[in-house]
Amino acid sequence: MKDLTFGTLIAVFEEIFGRGLFWAMVAIAGAITLAYFYVLIRDRAVSWRKFLWAQLSMPFGAIAAVLFVQVMTHSGFRDIGGPIDVIVLLMVAVAGAIGLAILVYTLESLFLRKSRPEV
Amino acid sequence: MTEYEQFSPSRRGFLGLAAGAAALAAAGAGTAARAQVATKAHIVILGSGAAGTALANRLVHRLDGARITLVDGRKQHLYQPGFSLIAAGLKPAGYSVSQTTDWLPSGVELKQDYAAQIDPEAKTVALQGGETLSYDYLIVATGLTLDHDAIEGFSLDLVGTEGIGALYAGPDYAAKTWAAASKFTEEGGVGLFTRPATEMKCAGAPLKHTFLIDDITRKAGNRGKAEITYAANNESLFGVPIVSEKVRMLFGDRGINAAYSHVLSAIDPGRKLATFDTPEGQKELGYDYIHVIPPQRAPQVVRDSGLSWADKWTDQGWVEVDMHSLRHRRYPEVFAVGDVAGVPKGKTAASVKWQVPVVEAHLVAQIAGDSTDAAYHGYTSCPMITRVGRAMLIEFDYKNNLTPSFPGVIAPLEELWISWLMKEVALKATYNAMLRGKA
């Protein structure tokens with residue numbers, strides 16, 4: 001790969017998803033992240049009850065992310081061929097887990113804020 | 001459960017922080033424009049394939065006032081690295097097809113016509129429609145011609161029928177190739193996979209097709225009924241010796257036979273017999289499925305122009321350029337880039353990606369009355385698919401050295417899932433970014 005710069009990466013991702021969808025996804029991910037920080041700051045605390053639910057959702061996010069990548073690329077677990085493949089698989093899983101956890105925590109905080117008193 | 005005070009910035013402060021971050025990100029995304037060279041030169045680019053389109057997109061940003069004319073009679077742009085996937089039923093034919101005009105920057109004139117005559121002495125290009133273009137600089141990026149007539153008994157009408165495949169011929173023919181190949185993966189029989197003895201684009205593709213059809217037949221549970229033979233044009237399976245050895249081992253593992261120095265010269269579709277030229281004379285082999293890749297040559301208009309090598313590849317006519325600068329050795333205002341360039345390696349889109357910036361640098365320097373030491377060292381890349389889900393990311397140069405982009409991370413001679421992911425997901429995107437001059 002020649003000249004692998006940040007600009008190149010952005011250009012490549014724009015082509016993978018289409019410019020509109022890519023920036024829409026960046027905007028959504030950014031919005032969720034901002035909302036996450038917003039609720040953290042608004043509540044001025046981490047709610048461990050919500051965090052528990054977020055944690056419980058993590059395995060589902062991990063599995064969903066891995067299956068999504070495999071289905072999209074006509075491949076499966078049998079194609080894991082070396083250490084880097086395991087690392088990529090784990091990175092996909094971790095990304096899915098963290099992504100879903102942040103989403104769940106944020107949604108809970110935004111919409112279920114006063115549904116239950118914190119213990 | 002306890003809650004604890006974590007940190008307590010104000011909401012306003014938070015929003016200010018977010019706005020600042022967004023502003024920083026926006027500033028970082030902007031790329032510094034390189035200085036433009038002012039010129040009134042007329043640059044004619046023959047061919048709007050990968051090389052011609054990518055170069056046009058880069059030149060409009062480097063030159064101020066230049067007149068850039070692209071000449072290509074075909075309206076469609078073809079993403080050729082996708083053909084292997086189409087011919088294995090993994091993508092539809094439309095995966096490789098877009099419109100040439102989708103990729104062209106404003107400020108470039110497209111002549112939807114083919115060149116009929118190139119006169120490098122008079123610096124003119126006559127088009128088939130009758131118009132004659134005068135140029136100051138000429139970029140020959142016509143690509144190559146598939147010489148299907150050289151295979152006796154073969155015609156493109158046959159592709160998809162009678163167990164005949166020919167994926168190089170275009171996306172529709174690649175889809176028809178899958179129609180014939182999929183029958184083989186279900187019914188088995190004898191499969192012959194060929195390659196020509198000429199220089200060819202992506203010498204890995206004949207191997208990829210072999211590996212993919214082997215894998216699909218195996219997964220369908222029919223490999224026991226199938227005999228697969230790869231007919232190599234010489235005594236090796238790939239031009240780079242270390243890769244050839246690796247492929248030999250994989251063939252052993254998959255039970256694929258290698259027939260060395262077997263060059264397809266004729267087929268008899270009725271009797272399903274293929275004739276090969278071998279060192280021992282002609283030899284006939286029966287088949288139930290045959291993949292035909294014809295000899296490949298420079299287009300006739302290039303071969304008639306006097307731009308070809310006189311003492312090398314005389315039956316193929318590649319343009320006589322310096323292998324490092326891609327500048328014509330006799331006409332300094334002429335360059336060749338992509339498949340048509342007469343260099344020892346580099347008939348792939350990955351090569352184009354490395355060739356185009358070199359031609360750009362030399363052309364812009366020449367216009368500015370300057371010089372540059374930008375050089376192409378033969379970089380070529382081949383994501384060698386070894387089965388659905390795995391590939392080897394093979395990169396090499398003129399010297400047959402492996403030149404891995406990710407040394408120590410992605411091993412070039414290992415069958416890896418990540419290399420497959422790159423081929424499936426990132427390659428077309430990188431190609432498209434290259435077309436736009438951004439990669």
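Modeller: Two strands pair if DSSP finds at least two bridges between them, and strands (E, at least two residues) and helices (H or I, at least four) are DSSP runs numbered from the N terminus. In this predicted model, side-chain atom pairs count only at pLDDT 80 or more and local features need at least 70, while totals for chains, interfaces and linings use all residues. Residues are numbered from 1 along each chain as its sequence is written, with chains lettered from A and ligands numbered from 1 in the order in which they are written.

Colleague: What makes β8(B) and β9(B) a pair?

Modeller: Four bridges join β8(B) to β9(B), and the criterion is at least two, so they pair. The two strands run antiparallel. One of the residues involved is Ile118(B), whose bridge partner in β9(B) is Val125(B).

Colleague: What lies between the strands of each hairpin?

Modeller: Four residues separate β8(B) from β9(B), and in that turn Lys123(B) has a positive phi of about 55 degrees. Between β9(B) and β10(B) there are also four residues, with Gly130(B) at a positive phi of about 115 degrees.

Colleague: Why are β8 and β10 of chain B said to stand at the edges?

Modeller: The open sheet has the order β8-β9-β10 in chain B, with antiparallel pairing. β8 (115-119) and β10 (132-134) of chain B each have a single partner strand, so one side of each is left without a neighbour in the sheet. The twist averages 20 degrees from one strand to the next, using angles from 0 to 180 degrees between N-to-C directions of axes fitted to C-alpha atoms, for helices over the stretch in contact.

Colleague: What is the order of the five strands in the parallel sheet?

Modeller: β7-β4-β2-β11-β22 of chain B, forming an open sheet. β7 (108-111) and β22 (334-336) of chain B are its edges, since each has a single partner strand, so one side of each lacks a neighbour in the sheet. Strand β11 of chain B, residues 137-140, is joined to β22(B) by three bridges in parallel; Val140(B) is the bridge partner of Ala336(B).

Colleague: Which helix lies across β2, β4, β7 and β11 of chain B?

Modeller: Helix α2 of chain B, residues 50-62, running at about 170 degrees to β4(B).

Colleague: Which residue ranges does the domain assignment give for chain B?

Modeller: Domain 1 is 37-73 + 112-144 + 298-367 and domain 2 is 148-296, with bounds from an automatic or database assignment. Their C-alpha centres lie 33 Å apart. Seven residues of domain 1 of chain B and six of domain 2 of chain B make the contact, which requires C-beta atoms, placed from the backbone, within 7 Å.

Colleague: How confident is the predictor in chain B?

Modeller: Its mean pLDDT, the per-residue confidence from 0 to 100, is 92, and 92% of residues reach 70 or more. Residues 1-15 of chain B are below 50, although that stretch has 19 contacts beyond near neighbours in sequence. Residues 23-32 of chain B are also below 50, with two such contacts. Where pLDDT is low, the predicted coordinates should not be read in detail. The model scores ipTM 0.79 and pTM 0.88.
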